[in-house]
Amino acid sequence: MPMSRRALAAAAVALVLPLSACGSGGGDGGTADASGKVEGDITFQTWNLRANFKSYFEGLIDDFEAKYPGTHVKWVDQPAEGYADKLSADAAGGTLPDVVNVSPDLVAPLAQAGLALDLDKAAPAYRSEYLPGAWAGHQVPGRTGTYAFPWYLNTGPLFYNKALFEQAGLDPDRPPKTYDELFADARRMAGKTGGKVATLANVPTIEDFGRYGVPLMNEQGTGFAFNDAKGIELLTRYKELYDAKALDPQALTATGESAGKKFLTGAVAMNPGSALDLGNFKKNAPSLYRNIGITDQITSTGHVNMYVMGVMVNSRTRHTPAAVAFAHFVTDARNQMSFARKVAIFPSTAGSLDDPYFTKEDGTDETRVRIAAAKSLKSAVNYTPVLFSEQMKTALRNEVAKALQGKESPREALDNAVEAADRLLGQD
């Protein structure tokens with residue numbers, strides 16, 4: 001799914017932002033009236049979805065055109081690779097489709113260029129149909145407005161090894177929920193095993209700082225703020241874990257795959273994952289599978305992290321009522337629920353996660369994970385700042401590594417990371 005390819009979005013920021021002086025739509029985001037008659041020809045662009053979901057989208061379009069005679073929807077699908085570049089080229093050339101599949105980091109530069117319709121002004125009545133955290137996912141720091149309908153969501157639960165918890169004298173049925181609990185359990189695990197079993201195999205990311213309660217940006221959206229006292233506290237505590245061997249020594253260079261292997265072999269007690277991982281455990285590590293626990297992401301705010309995909313309306317479409325109506329149709333509760341039954345994603349519409357599909361156990365691994373994730377999504381937020389690019393993520397990771405190795409203090413590392421991120425933000 002394109003959601004796993006968020007790295008492709010970073011290029012759009014630098015390429016699209018200079019467009020804010022171009023065209024006739026202004027730079028404040030479109031606020032065209034969406035209340036007129038729904039009619040006309042519009043183009044709908046998706047992101048790497050035709051190969052697997054052709055019949056679904058063709059049926060969706062047929063239903064919309066039947067509901068609104070006089071409309072015609074042309075569907076185009078772009079490959080995952082180069083999607084951000086394609087959007088940038090279309091924005092520059094005035095050929096941006098009427099309705100566009102976007103992620104928050106892609107919508108930000110388009111909103112700043114005045115090319116994304118502000119739904120809070122153009123279609124405010126729809127807001128209550130969606131989960132608050134999902135609706136907020138396509139808001140841009142420093143700007144008022146919401147610039148895309150929330151579409152499908154995703155999140156991941158944490159797996160933990162109950163046998164390792166029990167061996168360390170920890171309650172296998174009470175995994176840590178907050179960072180305070182995590183750090184306490186991790187130190188105990190390392191102490192009981194002489195440093196042979198780490199609890200985690202990953203260094204803190206920007207989402208960890210968000211879930212710890214660290215302010216990530218200033219209110220104006222002009223600079224980053226995760227180097228405050230609370231951010232320094234979090235990194236200091238991770239440094240303590242690293243020194244105690246409660247954080248895997250290879251975490252500095254770990255990938256999702258390498259961390260997963262550590263968990264598979266019992267060298268790490270907790271790891272994020274998906275239903276696909278459960279199938280792998282069952283086949284390749286039956287003893288782990290028998291002792292697997294599923295819990296929420298660690299958070300001290302009470303809210304886990306969500307990834308949200310959206311559907312944006314081009315503010316310069318010639319058929320605003322039809323474009324808004326179609327974007328809403330794609331993302332309404334009925335159609336999101338239909339899509340969620342075809343692929344492992346979650347609807348962003350209010351009440352949909354109460355459907356038995358997301359609440360009723362049927363004995364399968366996929367359902368166990370789906371229920372756990374759906375429960376946490378009801379109050380989840382997108383912690384990744386929409387302006388936080390892949391380059392910024394790399395800068396943070398490099399500085400975190402220096403702090404854990406003792407080459408810099410946590411304060412120095414985060415000051416440097418914020419300075420690098422602000423510099424990159426200024427370049428955009």
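Partly exposed describes a residue whose relative accessible area lies between the buried limit, under 20%, and the exposed limit, over 50%. Asn-48 has a relative accessible area of 31%, so Asn-48 is partly exposed. The model is predicted. Asn-48 sits in the loop that joins β1 (40–47) to α2. Its phi is near 60°, a positive value in a residue other than glycine.

Lys-245 also has a positive phi, near 65°, and is not glycine. The loop between α10 (229–243) and α11 holds Lys-245. With a relative accessible area of 48%, Lys-245 is partly exposed.

## Helix α2 against helix α14

Helix α2 (residues 50–67) and helix α14 (residues 320–330) have axes that come within 11 Å. The axes cross at roughly 130°, which makes α2 oblique to α14. The crossing is right-handed.

From α2, the contact uses Leu-60, Ile-61, Asp-63, Phe-64 and Lys-67. From α14, Ala-322, Ala-325, Phe-326, Phe-329 and Val-330 take part. The contact of α2 with α14 counts eight nonpolar, two charged and no polar residues.

## The buried face of helix α12

Which residues of helix α12 (residues 275–284) are buried? They are Ala-275, Leu-278 and Phe-281. Seen down the axis of α12, these buried residues fall within an arc of 105°, so they line one face of the helix. Leu-276 and Lys-283 are exposed on the other side of α12.

Several elements cover the buried residues of α12. They include the strands β5 (158–161) and β7 (292–295). Helices α11 (256–264), α13 (286–290) and α16 (365–377) are also among them.

Technical notes
Residues are numbered from 1 along each chain as its sequence is written. This is a predicted model: local features need pLDDT of at least 70, side-chain atom pairs count only at pLDDT 80 or more; totals for chains, interfaces and linings use all residues. Side-chain values use heavy atoms; hydrogens and water are left out. Axes are lines fitted to C-alpha atoms, for helices over the stretch in contact, and angles run from 0 to 180 degrees between N-to-C directions. Helices (H or I, at least four residues) and strands (E, at least two) are DSSP runs, numbered from the N terminus. Angles under 35 degrees count as roughly parallel, over 145 as roughly antiparallel, 65 to 115 as roughly perpendicular and the rest as oblique. A crossing is left-handed if the near helix is turned anticlockwise from the far one by less than a right angle, and right-handed if clockwise. Contact means heavy atoms within 4.5 Å. Ala, Val, Leu, Ile, Met, Phe, Trp, Tyr, Cys and Pro count as nonpolar, Asp, Glu, Lys and Arg as charged, and the others, Gly among them, as polar. Buried means under 20% relative accessible area, exposed over 50%, partly exposed in between (1.4 Å probe, protein chains only). The arc is that of the directions from the helix axis to the C-beta atoms.
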